[in-house]
Amino acid sequence: MIVSSAPTRITLGGGGTDLASYYSQFGGFLIAGGINKYVTVIATRRFYDSIRLSYSVQEMVEGTSDIKHPIFKACLELLNIDRGIELHSTADVPASSGLGSSSSFTVALLNALHAYKRDYVTQKQLADEACQIEIGTLHEPIGKQDQYMAAFGGLTCLTFDKNGDVLVEPLRISNDLLDQLESCLLLFFTGMERNASELLSDQDNKSRSADAAMLQNLHKTKEIGLLTRRYLENGQLEMLGELFHEHWENKKKRSPGMSDPKIDECYELALKEGALGGKLIGAGGGGFLMFYCQNGRKSKLIQAMQKVGLRWERFRFDHDGAKLLVNTFTRN
């Protein structure tokens, strides 16, 4: 048996500049953090030659050509595994919630399949292969943030070069400041799951066509990401709330579907109840709201959000990235 996991992520600044339509022209930058909400894949050798898959539904097929799940199918084909395997997936968060769980699944699956084949694989290879699957093979209108964060985890700075290379650097902050940051970030589930494809496709198309408003918006987003890095590495944690708020106000200008009246109402209530700033995690439209709130006012903010139906989700940063939890697999 092989048990493989990969973390989901939150973005602290610069999200959206990881799409090729933007970084291929201007270069991109963002800061994100892997969190202890995982996608887990279990792989075992199957006695029969058929393939059994278990996720939200179950599939039993004779070969990869019959698989309906696009990521399972693409990953098995990439690694030339076409029979005699059983795969199960579970997740700590719902799909389409803005935390990058689809890419976490892809990375966890690839790691399990490489272990199944007794391959040695680096975190970078996992990230690049996940990008190849999701962006290259399946043509998803997404960037490279989620795959790299699922592979590397940590509190991480990602620089996207025009040629497509990704520079991965840990954020240089002390353990005490890291603990303080973790304590001041609050994550709430809005109850609204959404497919980000429409919003990301709109951003992608406008960036490719040199839409002035979209490009200016993304330039501002990258600037906020770079400022976030500067303030955090200088120990100015109190500036994060202000940057979150600036980022959210800027992000809402990209598309009318970025927010909705309920999300706006919850956001304004959070500011009244002590949050210094916040934003919707992911492409927009639903999922998780994250707020920066100093410790003395957290209880009041949590109670206020719970009263309007939001679910508080505790989390800690993950510093391991993709990993194998169990590997007892032996070939016949």
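## A bridge from helix H8 to a loop

Glutamate 233 and arginine 172 form a salt bridge, with their closest N and O atoms 3.2 Å apart (a salt bridge being a side-chain nitrogen of Lys or Arg within 4 Å of a carboxyl oxygen of Asp or Glu). Glutamate 233 sits in helix H8 (residues 212–233) and arginine 172 in the loop between strand E7 (166–170) and helix H6 (175–184), so the pair ties together parts 61 residues apart in sequence. Helices (H or I, at least four residues) and strands (E, at least two) are DSSP runs, numbered from the N terminus.

Arginine 172 is exposed at 55% relative accessibility, while glutamate 233 is partly exposed at 23%. Here buried means under 20% relative accessible area, exposed over 50%, and partly exposed in between (1.4 Å probe, protein chains only).

## How to read the model

This is a predicted model: local features need pLDDT of at least 70, side-chain atom pairs count only at pLDDT 80 or more, and totals for chains, interfaces and linings use all residues. Residues are numbered from 1 along each chain as its sequence is written, and side-chain values use heavy atoms, leaving out hydrogens and water.

## Helix H8 meets helix H9

Lysine 220 pairs with glutamate 246 in another salt bridge, with 2.8 Å between the closest N and O atoms. Lysine 220 belongs to helix H8 and glutamate 246 to helix H9 (residues 240–251), so this contact ties together parts 26 residues apart in sequence. Lysine 220 is partly exposed at 26%, and glutamate 246 is partly exposed at 28%.

## The wider picture

The structure holds 18 salt bridges. Shared partners join Glu169, Arg172, Arg229 and Glu233 into one network of salt bridges.
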